[in-house]
Amino acid sequence: AVVSTQSGHYGRAEEMELDEEVSVKKPSFPPISREKLKSDKTELRKVPIPPHRYTPLKESWMKLYTPIVEQLKLQVRFNVKTRTVELKTSAETADVGSLQKAADFIKAFTLGFDIDDCLALVRLDDLFLETFEISDVKTLKGDHLARAIGRIAGKGGRTKFTIENVTKTRIVLADSKIHILGSFQNMRIARTAICNLILGSPPAKVYGKMRTVASRMSERF
């Protein structure tokens, strides 16, 4: 009994010490300025271009080149040998995140998104890209896989357009791969809807759930 009381006293003493440690004020650090974040080294980023996107890249080169050079103040070129678009920071580059924005912009174009939709990645901060495969949701083969793709697209692409309009996202169906462009919350709603379609839910049921979630989201913000 004596031992237990002693251990109890030790326990209380330790608790008091811990409380004293917790009550210490946390250090506050001021935000780092852009000038300090900027490094003197030039950063380089390479975005590989798949063979089926060479022709669209050639046709839309000026539309890609202009915002990267004029808005993001970066240097850009297409390396014919390595088949990559090379992005490089310059002395005029003001924002630290410009290189990542430009890389996402080119990446979205290579995935098959419309160039006007890709431009939103340059202009807005809270947009992201996400890619997943049908096999990540459910293992399907042959006709079952083809039917799942058909359910996502719908007749004449109607289902895909409905998901895009309700969730304010953009979706690209490339065989069994699905690419989504949008804000984090909207992508989550679109992904849930697509996953339900893959798992076999009828489109009408998916529309109902999606509209309910989307309306809740719009009320919240």
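Student: What do the buried residues of H6 pack against?
Tutor: Contact means heavy atoms within 4.5 Å. In this predicted model, the buried residues of H6 pack against helix H4 (61-71), helix H5 (98-111), strand S4 (128-133) and strand S6 (177-182). Helices (H or I, at least four residues) and strands (E, at least two) are DSSP runs, numbered from the N terminus. Residues are numbered from 1 along each chain as its sequence is written. As the model is predicted, local features need pLDDT of at least 70, and side-chain atom pairs count only at pLDDT 80 or more, while totals for chains, interfaces and linings use all residues; side-chain values use heavy atoms, without hydrogens and water.

Student: Which residues of H6 are buried?
Tutor: Buried means under 20% relative accessible area, exposed over 50%, and partly exposed in between (1.4 Å probe, protein chains only). In helix H6 (residues 115-123), the buried ones are Ile 115, Cys 118, Leu 119, Leu 121 and Val 122. They cover an arc of only 145° around the axis, taken from the directions from the helix axis to the C-beta atoms, which puts them on the same side of H6. Asp 116 and Arg 123, on the other side of H6, are exposed.

Student: In what order do the three strands form the open sheet?
Tutor: Strands of a sheet pair through backbone hydrogen bonds, either parallel or antiparallel. Two strands count as paired if DSSP finds at least two bridges between them. Here the order is S1-S3-S2, with antiparallel pairing. Strand S1 (44-48) and strand S2 (74-79) each have a single partner strand, so one side of each is left without a neighbour in the sheet.
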